[in-house]
Structure formats: structure tokens, C-alpha cells
Amino acid sequence: MRALRPLTLIAAIVISCASPAPVTSSPIPSASAVLVAPATEFDAAKAKAHVDYLAAPARGGRYSGSAGYLDAATYVADRFREIGLEPLGDNSTFFQHFTMPIVDLTEMSTLTGPGGKTYRPRVDFTESVGGRSGSGRAEAQIAAVGGGARGGGQNDFAGADVRGKIALITGPSAPSGGSYVENAYQEGAVGILVVGGATLRYSFLPRLQTETVPTLVITQEVADQLLAPAGKTVSGAQDLVRARRADPNAPASGFDVPTTVRMSVSLTPVHDVDAINVVGLLRSPDPNNAARAILIGGHLDGVGTDPDGSVFQAANDNASGPAVAIEVARALAASRSSLSHSIVFAAFAGEEEGYFGSEAYVAQMAAIPGRVESLVAVLNLDVIGCCSDTLIVSNEASDLQRRVRDAATSLGIGSASAGSGGSDQQSFNRRRVPAVLIGFADYILHVYADKPSVVQETRLKKAGDVVTSVAKDLAAAR
């Protein structure tokens with residue numbers, strides 16, 4: 001699941017949830033030989049074993065295009081093969097290759113405060129990468145500029161001299177105030193600090209402006225330390241912004257801070273890599289309906305390894321998704337004779353950078369069943385192994401969401417409606433294919449602590465039973 005720079009400031013984790021409004025679509029309708037002994041029920045123990053392998057440190061965090069990702073993709077393909085799925089990738093393989101851009105750190109980012117105090121990456125601060133935020137080094141005093149709003153009758157920069165300084169975005173954000181990074185850059189900032197969640201690695205978006213500035217997300221505690229020489233705090237700075245927005249005659253909310261900091265972000269050039277989706281087919285024996293298919297899957301990629309060797313093992317986000325998909329495939333293969341529609345199983349690359357894998361699937365898949373026009377529904381499995389007993393189901397396709405939640409209820413499993421976007425279902429909803437994300441509430445992602453130990457077999461069982469039930473229902477409909 002993608003985690004982008006904070007949009008609501010002072011947030012622990014902010015997920016990209018922007019998506020088009022739900023679209024109407026055609027109603028959701030009310031394989032191959034198995035090479036190993038079929039399982040009629042979802043096997044949570046096997047799913048957990050898949051998570052353990054895919055999220056082991058040896059996979060290196062499964063960054064798209066990496067050797068660790070290839071190892072993980074090979075593992076998934078081997079499981080598809082042993083279950084008896086048909087290869088639906090290139091040249092009669094399970095691999096669907098595509099080219100995507102990528103960017104990574106060349107060294108750990110740095111932040112040094114007054115008196116040479118060194119702050120800790122992934123504890124006190126983390127970098128934001130994408131668009132105007134990229135490589136750069138800056139040493140300058142701070143200008144506090146509220147939410148960084150400029151336009152729409154708002155100007156959080158008033159009262160501060162930003163040119164040649166490092167802009168500190170304290171919040172609150174303003175929906176009509178434009179991009180705070182771009183606004184700060186246009187005001188002459190040479191670096192940007194944003195108050196927000198600092199323990200995770202936000203998704204690195206490999207689309208950068210020609211000119212970039214280093215952008216770091218810092219904790220409120222760090223921000224308060226940097227503001228102290230001006231006699232201010234984050235909460236006090238936010239109060240000034242709110243007062244100014246409520247009353248244009250109130251004092252300007254921006255102010256200069258006699259604090260000098262050094263910051264750096266060092267990135268590779270954006271470059272192309274060979275990325276791989278893993279795709280298999282459980283073909284229906286029904287000659288009249290086998291050309292239609294349900295797609296079940298989730299992204300296999302993670303956010304990789306930091307330059308200091310620390311691995312984001314990405315167990316919940318998202319070794320859990322392909323692990324569940326594998327065992328759903330095994331369970332459904334045992335009841336292949338009852339399927340009216342076929343079922344495609346997929347593990348996508350490039351989700352973290354902007355849904356590159358699911359977009360490549362849509363663009364390149366020509367087989368029927370498989371191509372987007374043949375899809376009846378998409379069940380996207382993401383953050384589905386931790387850390388709650390309540391399933392969340394995104395709201396882009398109301399009929400499909402209802403089916404999933406009804407199935408959960410019938411199995412005694414709690415569920416809740418979630419917002420839209422944030423993962424690969426987006427690529428299919430854009431093409432008017434009913435698609436939802438299924439995961440667990442209170443998820444963990446993009447942190448060093450996302451290790452196999454956080455993924456619990458009991459939760460994999462709950463999720464797997466629901467997905468298997470919904471898939472059987474969808475695939476049996478005529």
C-alpha cells in the first residue's frame with residue numbers, strides 16, 4: 001500500500017486515498033489440472049509459511065527490479081505451478097515483464113540541528129521523494145510557514161522571509177492552498193521540513209521535477225526543538241494560522257526562526273528497471289462462461305533496503321496479499337468443476353511507486369480470460385495479515401463491497417467500509433471494472449517493524465476464508 005508524504009499534518013501515517021468518484025458498471029454476476037493434493041479449505045499455515053519466505057531479510061524488502069524481488073516472484077510462480085494454474089505471462093510463463101522507472105537513496109538522509117545535534121533517520125525524521133522533492137543539501141535558518149498555503153485567499157507565508165531559508169511546514173493544511181512543497185519552492189526555500197510521521201519510509205515516486213529541493217518529514221518533538229529559539233511551539237504556530245485564516249486582519253502567521261539546520265537527501269538518478277508481475281489462471285470448465293474471470297491478487301513489491309543495510313521486510317505490506325492469494329488458489333483449484341467463470345491470480349510489482357504493475361497488466365494482458373474487458377470483479381488483497389480482527393473493504397464498487405462484507409458477516413468476521421484508492425484496485429476501477437481492496441484495520445506498513453512476526457495465522461485464516469467464499473460465489477454465478 002502506498003504511503004505518501006503527509007497531507008494531513010501531525011499524522012502518524014497518511015495514505016493516498018485520492019480517486020475518482022465511484023462509477024457505475026455492469027452488475028456483478030449474482031482451470032487446469034492440479035499437480036498436488038488439493039485442499040478444499042484455505043490453509044492459513046501454508047499462507048503464513050509464504051509470508052515467512054517472502055518477507056525474510058534475504059529478499060531485501062522486494063524493491064521492484066531487485067534481485068530480492070525476482071527471488072520472491074520466482075517463489076510465487078513456483079507455487080502457482082504446483083497448484084496447477086496455467087501460466088498467463090509472457091511466452092507461456094508466469095512472468096509478465098514490463099519496464100518502470102525507479103529511484104532510491106544512495107546514502108542515508110541527514111538532519112543536523114543547533115549545536116551539531118544529529119537527528120536519527122526513521123526515528124526523528126524521514127525523507128519525502130517525488131515531484132519537487134528530491135536530491136539536495138541545504139544549510140540555512142528556518143522560516144515557519146504554517147500549512148504552506150498560498151492562494152485562494154490564504155497566504156501562510158506572510159510574516160516570514162523564506163528566500164534562501166528552510167521552510168518549516170507546521171500545519172494545519174489547507175485544501176485550497178495548493179502544494180506546500182511547490183509553494184515553498186516558489187517562495188525561494190532551499191529545503192523543506194514537514195511535521196508528520198517520521199518512522200516510515202514514504203513511497204518514492206519516480207517522477208521528479210528538473211529542479212528539486214530536499215524535503216524531510218520530522219516529528220513534532222523535533223519541530224518544537226527547532227522552534228524553541230523563537231519562543232514558539234508547533235501547537236502555537238498552528239493557532240496563529242487558524243486565527244489568520246479566520247480573520248484576515250489577524251497578525252501574519254509566518255515567522256522567522258533564528259535556528260540554523262543542515263539537511264541532505266541523496267538519490268540515484270531516475271532509471272528504468274525490468275519489473276515483473278506474476279500471473280496464473282484457474283480456467284473454468286464451463287465452455288459458455290470461462291471467458292469471463294475474477295481477478296484475485298495483491299502487490300508483491302516492498303520499499304526495499306536502506307543504504308545502512310536496514311531492511312523493510314514488508315510482511316504485512318504486502319507479502320500477506322500474495323500469500324493469501326496463493327492459498328485461495330489452492331482451495332479453489334479443488335472445486336474447479338463448480339466454477340462457471342475463470343479466476344486470474346496475480347502478484348503485482350511497482351505498486352509502491354504508483355501502481356505500475358497493475359497498470360502494466362491492464363495495458364499488456366491480451367489473453368481471454370484475463371484482459372481487462374473479460375474481468376467481472378477484482379479482489380485486491382493488501383495489508384491483510386495484521387493488526388486487527390476487523391476487515392476493511394474499500395468503497396469504490398458498492399455491490400462488490402456488500403458481497404465481501406456479507407461474506408464476512410456470514411463467517412462471523414467483523415468488517416468495515418474504508419475509503420477509496422491507495423492500492424492496485426485503482427487501476428481496474430479506472431476502467432470501470434468493479435474492484436475493492438480487502439485488508440485489516442490498524443495496519444502496519446513501511447517500517448522496519450513490519451516483519452513476519454506481526455502477521456498472524458489466525459488473521460490470515462479469517463481473510464482467506466472470506467476471499468475464498470466471495471470468489472466461489474462470484475465464479476459460480478452465471
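Residues are numbered from 1 along each chain as its sequence is written. Because the model is predicted, local features need pLDDT of at least 70 and side-chain atom pairs count only at pLDDT 80 or more, while totals for chains, interfaces and linings use all residues; side-chain values use heavy atoms, with hydrogens and water left out.

We begin with a strand. Helices (H or I, at least four residues) and strands (E, at least two) are DSSP runs, numbered from the N terminus. Two strands pair if DSSP finds at least two bridges between them. Strand β4 (residues 125–127) runs antiparallel to β12 and is joined to β12 by 3 bridges, with Phe125 opposite Ile218. Strand β10 (residues 191–195) runs parallel to β12, with 4 bridges between them; Leu193 has Leu216 as its bridge partner in β12.

From the strands we turn to the cores. A nonpolar core is a set of buried Ala, Val, Leu, Ile, Met, Phe, Trp, Tyr and Cys residues joined through side-chain atoms within 4.5 Å. The largest such core has 115 residues, and Leu111, Leu193, Ile218, Ile296 and Phe345 have the most contacts inside it. Helix α6 gives the most to this core, namely 10 residues. Contact means heavy atoms within 4.5 Å. Not counting residues up to four places away in sequence, Ile296 touches several residues, including Ala325, Val328, Phe345 and Val467. A second, separate core has 17 residues, among them Phe348, Val372, Phe428 and Val433.

A pair of aromatic rings is described by the distance of the centres and the angle of the planes. Rings of Phe, Tyr and Trp (its six-membered ring) pair if their centres lie within 6.5 Å; planes under 30 degrees apart count as stacked, over 60 as edge-to-face and the rest as tilted. The whole structure holds 6 aromatic pairs. One of them, Phe312 with Tyr448, is tilted, at 4.6 Å centre to centre and 35 degrees between the planes. Its members lie 136 residues apart and link distant parts of the chain. Phe312 counts as buried because its relative accessibility is 1%, whereas Tyr448, at 25%, counts as partly exposed. The planes of Phe348 and Phe428 stand at 40 degrees and the ring centres are 6.2 Å apart, so this pair is also tilted. Phe348 is in strand β16 (residues 342–348) and Phe428 in helix α9 (residues 425–429), 80 residues apart. Phe348 is buried at 1%, and Phe428 is buried at 0%. Together with Tyr361, Phe348 and Phe428 form one aromatic cluster.

Tyr361 is one of the buried residues of helix α7 (residues 356–364). The buried residues of α7 pack against several elements, including β16 and α9.

Finally, why does Asn183 count as buried? Its relative accessibility is 7%. Asn183 is in helix α3 (residues 180–186). Leaving aside neighbours within four places in sequence, Asn183 is in contact with Gly148, Ala149, Arg150, Phe157, Gly177 and Gly178.

Methods:
Buried means under 20% relative accessible area, exposed over 50%, partly exposed in between (1.4 Å probe, protein chains only).
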